[in-house]
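Please keep the sequence and the model at hand while reading.

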Amino acid sequence: MVVMSGILVQGVQMLLVLLLAPLLTGFVRKMKARLVRRQGASVFQPYLDLLRLLRKEVVLADNASWLFRVTPYVTFAAIWVAAALVPTFATGLLFNWTADLIAIVALLGSARFFLALAGMDVGTSFGGIGASREVMIAALAEPAMLLVVFCVALVAGSTQLSTVANFMASSYVGLRVSLGMAVIALIMVALAENARIPVDNPATHLELTMVHEAMVLEYSGRHLAMIEFGAFLKLLLYISLIACVFLPWKIAVFGTGPLSYAIGAVAYLVKLAAAGFFLALFETATAKMRVFRVPQFLGAALMLGLLGTLLLFVSKSF
């Protein structure tokens with residue numbers, strides 16, 4: 001009975017992130033439109049866009065290899081697994097032993113690796129430019145992400161997300177400067193990884209400035225739908241990760257009952273809505289930076305993660 005309950009709750013979490021990811025993107029777009037006094041599309045427009053792409057025929061380049069064909073499914077699967085491992089409304093689920101911060105970083109890195117290779121596969125100039133910029137961003141974003149992981153691990157004593165969330169929800173944490181540095185660094189990495197302002201502008205398709213869009217220009221139909229769905233999931237993943245690690249408010253523990261799960265789910269929806277609103281507000285009030293200033297932006301995130309880790313390491317040594 002316990003095993004069946006664990007499978008059911010884990011399945012609900014996997015379906016929850018799958019269903020909420022397009023809604024989160026639609027909510028952010030709607031908020032951005034309302035902040036500039038436009039009507040904007042419906043919050044359900046991303047669902048309609050995915051259905052439209054799934055109905056369209058796939059057009060492939062003559063020199064596209066098998067890598068180009070399988071990359072949309074590989075990237076979508078890797079990001080979905082990573083998003084499903086992050087505790088959303090409850091901790092200690094069936095796949096709790098795999099929900100490790102380093103494993104999530106590895107899954108995201110694998111998705112990025114395949115997408116960059118697919119961008120160069122057909123030999124277009126835009127694909128090569130987008131892949132090179134993506135790798136440039138990853139060269140600084142991944143170390144910054146790992147330093148945030150090390151900082152959190154030094155505080156909680158583990159990289160397992162359920163353990164981290166339970167520890168952060170306890171009264172043993174308190175206010176720490178190192179955790180403040182870590183959360184700022186993680187937010188900066190999340191903006192870069194999701195191609196959001198100020199690193200990239202998801203609302204435009206300018207050839208000289210785009211990063212993510214340049215790699216997927218040759219995709220169409222269901223392949224493009226999988227890539228877009230993966231991008232929606234990635235945004236949800238980072239917001240869920242920030243909420244799980246730094247704001248584990250009202251998150252339930254496995255086995256506490258349906259009422260605790262329901263309260264945890266409502267709290268999770270509130271966190272998503274708040275994060276979506278603040279993201280829309282930030283992108284409305286901030287301009288996109290030049291591509292060559294992105295290393296400075298991510299370098300600041302890298303230094304924040306490093307300073308937070310060193311501060312904790314020195315404090316524990318003494």
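The model is a predicted one, in which local features need pLDDT of at least 70 and side-chain atom pairs count only at pLDDT 80 or more, while totals for chains, interfaces and linings use all residues. Residues are numbered from 1 along each chain as its sequence is written, and side-chain values use heavy atoms, with hydrogens and water left out.

**Aromatic pairs**

- Rings of Phe, Tyr and Trp (its six-membered ring) pair if their centres lie within 6.5 Å, and planes under 30 degrees apart count as stacked, over 60 as edge-to-face and the rest as tilted; by this rule there are seven aromatic pairs.
- F89 and Y261 form an edge-to-face pair, because their ring centres are 6.0 Å apart and their planes stand at 75 degrees.
- This pair links distant parts of the chain, 172 residues apart, with F89 in the loop between α3 (66–85) and β1 (90–91) and Y261 in helix α10 (residues 258–285); helices (H or I, at least four residues) and strands (E, at least two) are DSSP runs, numbered from the N terminus.
- F89 counts as buried at 5% relative accessibility, and Y261 likewise counts as buried at 14%.
- F277 and F278 also form an edge-to-face pair, at 5.7 Å centre to centre and with 65 degrees between the planes; F278 is exposed, with a relative accessible area of 54%.

**Packing of α4 and α9**

- Helix α4 (residues 101–121) packs against helix α9 (residues 221–246) at an angle of about 155 degrees, with their axes 13 Å apart; the axes are lines fitted to C-alpha atoms over the stretch in contact, and angles run from 0 to 180 degrees between N-to-C directions.
- That angle makes α4 roughly antiparallel to α9, since angles over 145 degrees count as roughly antiparallel, under 35 as roughly parallel, 65 to 115 as roughly perpendicular and the rest as oblique.
- In α4, L101, I104, L108 and L115 meet I227, K234, L237, Y238 and L241 of α9, where contact means heavy atoms within 4.5 Å.

**Surroundings of S178**

- S178 is found in helix α7 (residues 177–193) and counts as buried at 3% relative accessibility.
- Not counting residues up to four places away in sequence, S178 touches C151, G308, L311 and L312.

Technical notes
Buried < 20%, exposed > 50% of the residue type's maximum accessible area, 1.4 Å probe, protein only.
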